[in-house]
Amino acid sequence: MAQSSIRQVAVIGFGTVGVGWTALFLANGSDVTVHDPAVDDLATLEAALAPSLASLRELGRTGHGRLCLAASPEKAVASADFVQENAPEKQAFKADLLRRLDEATPAGAIIASSTSSLLWSELTGTCRDPERVIVAHPFNPPHLVPLVELFGSDPAVLDRAEAFYAGLGMRPVRLKKEMRGHIANRLSSALYQEAVHLVEQGVASVAEIDAALRDGPGLRWATMGAHLTYHLGGGKGGIRHYLDHLGPSQERRWQDLGRPSLTDKLKADLVAGVEAEAAGRSIEELEALRDATLVALLHARRRTER
Ligand SMILES: NC(=O)c1ccc[n+]([C@@H]2O[C@H](COP(=O)([O-])OP(=O)(O)OC[C@H]3O[C@@H](n4cnc5c(N)ncnc54)[C@H](O)[C@@H]3O)[C@@H](O)[C@H]2O)c1
């Protein structure tokens, strides 16, 4: 199935990432049928989608796919060309849901799971046609962060999925082997582990640690990844010089990184620190700030990467 023949998409699970996926598919002109047991009217769907669709319009994604609501997963996928599953992250539950979706989805359609940390092999064991089931992990919010990480067993299915996501303006990255947390969540977790360790050790406040990231490496990482960034850290000698010159100090830091446990005391300190940093701003206000900044960053990158 070529990318252009994917017209009808089913979104299973309309929570944090399901909303973003739905907006992205609609804004690119696909018709979308949503199923979520917690949603029973179209007006709720439309209200939840409005901010994401507005952000996508600012990026020139102005398509108008048709939005429908289905009362069961089976009804949602009955005529789907592509299924994006975003239900709760519980292994047995998700594996059973994927089995049901596989039974009800037309032959040849792709079924993609957004799972953050479950492995393809943990999810597809009871599917009749596991080859057409893939992991397609987005980064929140999926309508504005281009990354989607792909893993599956059939290269031809992955080729079709990759073409579909690339056509939505995404940046598919394929894993050569499955790994818990894929790539981006492992990187993110390694960083978060150390950010929590620094709070535990009393090195700085939550807000100061966030500032060190946001106004430091975060800015660089929005332009280049870790490897290419350190290539420039080696000056004219590039990564070869960097590794010879500063590799030993990297190793000393690696050996010193923390492995915190989320004790009640540490959790309370993190919550208090984040509340102080949020300074009364609601989740909706912070989401709006994040999304407006992401749109501006994506515009800036379009200009510099031309
Ligand atoms: N939140 C993130 O940052 C993020 C990022 C990438 C991937 N993911 C992955 O996406 C998936 C969903 O995560 P989320 O954060 O959107 O969760 P969420 O809790 O916000 O949403 C899950 C939704 O699934 C619905 N649901 C429950 N049972 C269902 C069923 N039988 N069929 C269909 N829907 C059902 C719930 O009503 C809820 O709306 C998880 O696998 C998660 O790992 C999450």
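This short talk covers the ligand site and some salt bridges in the structure above. Keep in mind that this is a predicted model.

Let's begin with the ligand.

Now some contacts. A side-chain N or O atom of aspartate 36 is 2.6 Å from an oxygen atom of the ligand. For lysine 94, a polar side-chain atom lies 2.8 Å from a ligand oxygen. For serine 116, that distance is 2.6 Å. How much of the ligand does the protein bury? Taken alone, the ligand exposes 830 Å², and the protein buries 74% of that.

Next, salt bridges. The structure holds 14. Take arginine 99 and glutamate 103. Their closest N and O atoms are 3.2 Å apart. Both residues lie in helix α4, 4 residues apart, which is about one turn of the helix. Asp96 joins Arg99 and Glu103 in a network of salt bridges.

Which parts of the chain does the pair of glutamate 122 and arginine 180 link? The bridge itself is 2.7 Å between the closest N and O atoms. Glutamate 122 sits in helix α5, while arginine 180 sits in the loop between β8 and α7. They are 58 residues apart.

Last pair: aspartate 291 and arginine 290, at 2.8 Å, N to O. Buried or exposed, what is aspartate 291? Aspartate 291 counts as buried because its relative accessible area is 10%, under the 20% cut-off. Arginine 290, at 30%, is partly exposed.

Definitions and conventions. Residues are numbered from 1 along each chain as its sequence is written. This is a predicted model: local features need pLDDT of at least 70, side-chain atom pairs count only at pLDDT 80 or more; totals for chains, interfaces and linings use all residues. Side-chain values use heavy atoms; hydrogens and water are left out. A polar contact is a pair of N or O atoms within 3.5 Å; within protein, one must be able to donate a hydrogen and the other to accept it, and residues adjacent in sequence count only if both atoms are side-chain atoms. Accessible areas come from the Shrake-Rupley method with a 1.4 Å probe; for residues, only the protein chains shown count as cover. A salt bridge is a side-chain nitrogen of Lys or Arg within 4 Å of a carboxyl oxygen of Asp or Glu. Helices (H or I, at least four residues) and strands (E, at least two) are DSSP runs, numbered from the N terminus. Buried means under 20% relative accessible area, exposed over 50%, partly exposed in between (1.4 Å probe, protein chains only).
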